[in-house]
Amino acid sequence: MFGFCNKKYSIDGKVVLLTGALGSIGKNLARSLVEKGAQVALVGRQPVDTGNEFARVLNNGYEQPVALYFQVDLRKIDNIMPMFELVLRKLGRIDILINNAAVEPPLKLCESSAFEEVADAINVNLLAPIELMRLFEKHVRHRTNKSQGVVVNVSSMLGLAPMNTFEVYGATKAALINLTRASRALAPQVRVSAIAPYHVLTPRMLDHLTKFNVSSARRMVALSMDQVCATVIRCIQDTSNAGEIYTMIGDLTYTRTWAFELAWMHIIFLFVVALLVAYVKRVFKRNN
Ligand SMILES: NC(=O)c1ccc[n+]([C@@H]2O[C@H](COP(=O)([O-])OP(=O)(O)OC[C@H]3O[C@@H](n4cnc5c(N)ncnc54)[C@H](OP(=O)(O)O)[C@@H]3O)[C@@H](O)[C@H]2O)c1
């Protein structure tokens, strides 16, 4: 469940770089951001005409363009810096980065997936977000107006719960969660948070649920795209967010993932036990 919403970071007038902008969740996010007054750099790999067409739909009714399409293939990490610089040249600055693009599951570790497929998934789902965060942090640190930057990483519940046949996808999403939690230290200059949704009812997911006759219980706790967009917006607006992971299932959205706290307690416990063992060994050695 949502905690208390603190001071709000306004999206109005901000420039957003959104990857996977022509995907199901991406399109919804782009619309929500434009409605909230943002200018959006739509980053996607689809042909320029397709991207421009979506930008035209978003720009409809506005005097100044609120959306611009940038085509890039995120599998090639060398493409990222030129794209980032082009966005800066065209839109002047970037205030918010949303790492939403991903190569979707299933992506098996063994059997069907060729190594290139695995490497592509790691590039798009993990290395591209890392490279974008590095470029973004540098941009925010060096700009003259000292305004805050915000990053939202779109992870998945599979990043929290390992699952057979989703090994590679899950590993990239788990890494995004770890990266986000460790990036808490970048605040207040750059606030990084992530969402980890369960199934989202995108057309592709609906197709999958039908094809594999997925149980009604699993369907009941699936999420709407609106829920996901609202949570990304909340990540941006709530200034208390830094290193938070918004886990989402059914109507529940919570940020206190006790597993992380337990993991820390586990490590502290092991640390103390290891210290005790080392101490006892040393005393033994001295006495013999
Ligand atoms: N749907 C779910 O149930 C669910 C659950 C948990 C988390 N998520 C996460 O939510 C995010 C959005 O997912 P979605 O359901 O909206 O999936 P989607 O419709 O497939 O969107 C993924 C986007 O990533 C883009 N992308 C893939 N490879 C790329 C590449 N090499 N270069 C540039 N862009 C690339 C795709 O571009 P194209 O348009 O060209 O294909 C697409 O726009 C993903 O990070 C996903 O892992 C989804």
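**Exercise 1. At what angle do the axes of H4 and H5 cross, and how are the two helices oriented to each other?**

Step 1. The axes of H4 and H5 cross at roughly 10° and come within 9 Å. Axes are lines fitted to C-alpha atoms, for helices over the stretch in contact, with angles from 0 to 180 degrees between N-to-C directions. Helices (H or I, at least four residues) and strands (E, at least two) are DSSP runs, numbered from the N terminus.

Step 2. H4 and H5 are therefore roughly parallel to each other. Angles under 35 degrees count as roughly parallel, over 145 as roughly antiparallel, 65 to 115 as roughly perpendicular and the rest as oblique.

Step 3. The crossing of H4 with H5 is right-handed. A crossing is right-handed if the near helix is turned clockwise from the far one by less than a right angle, and left-handed if anticlockwise.

Step 4. On the H4 side the contact includes Val118, Ala121, Ile122 and Asn125, and on the H5 side Val168, Tyr169, Thr172 and Lys173. Contact requires C-beta atoms, placed from the backbone, within 7 Å. By class, the contact of H4 with H5 has eleven nonpolar residues, two polar and one charged. Nonpolar covers Ala, Val, Leu, Ile, Met, Phe, Trp, Tyr, Cys and Pro; charged covers Asp, Glu, Lys and Arg; the others, Gly among them, are polar.

The model is predicted: local features need pLDDT of at least 70, side-chain atom pairs count only at pLDDT 80 or more, and totals for chains, interfaces and linings use all residues. Residues are numbered from 1 along each chain as its sequence is written.

**Exercise 2. Describe the packing of H1 on H8.**

Step 1. H1 and H8 (residues 225–237) have axes that come within 9 Å and cross at roughly 55°. That angle makes H1 oblique to H8.

Step 2. The crossing of H1 and H8 is right-handed. H1 contributes Ser24, Ile25, Asn28, Leu29 and Ser32 to the contact, and H8 contributes Met225, Val228, Cys229, Val232 and Ile233. Seven of the residues in the contact of H1 with H8 are nonpolar, three are polar and none is charged.

**Exercise 3. Describe the packing of H3 on H4.**

Step 1. The axes of H3 (residues 80–91) and H4 (residues 115–142) cross at roughly 45° and come within 10 Å. H3 is thus oblique to H4.

Step 2. H3 and H4 cross in a right-handed sense. Ile80, Met81 and Phe84 of H3 meet Ala128, Glu131, Leu132 and Leu135 of H4. The contact of H3 with H4 holds six nonpolar residues, no polar ones and one charged.

**Exercise 4. Which residues are closest to the ligand, and which helix gives the largest share of the shell?**

Step 1. The ligand is surrounded by 25 residues, the closest being Gly20, Gly23, Ile25, Ala101 and Ala102.

Step 2. H1 (residues 24–35) supplies the largest share, three residues. The shell has eleven nonpolar, ten polar and four charged residues.

Note on methods: Near = placed C-beta within 6 Å. Contact = placed C-beta atoms within 7 Å.
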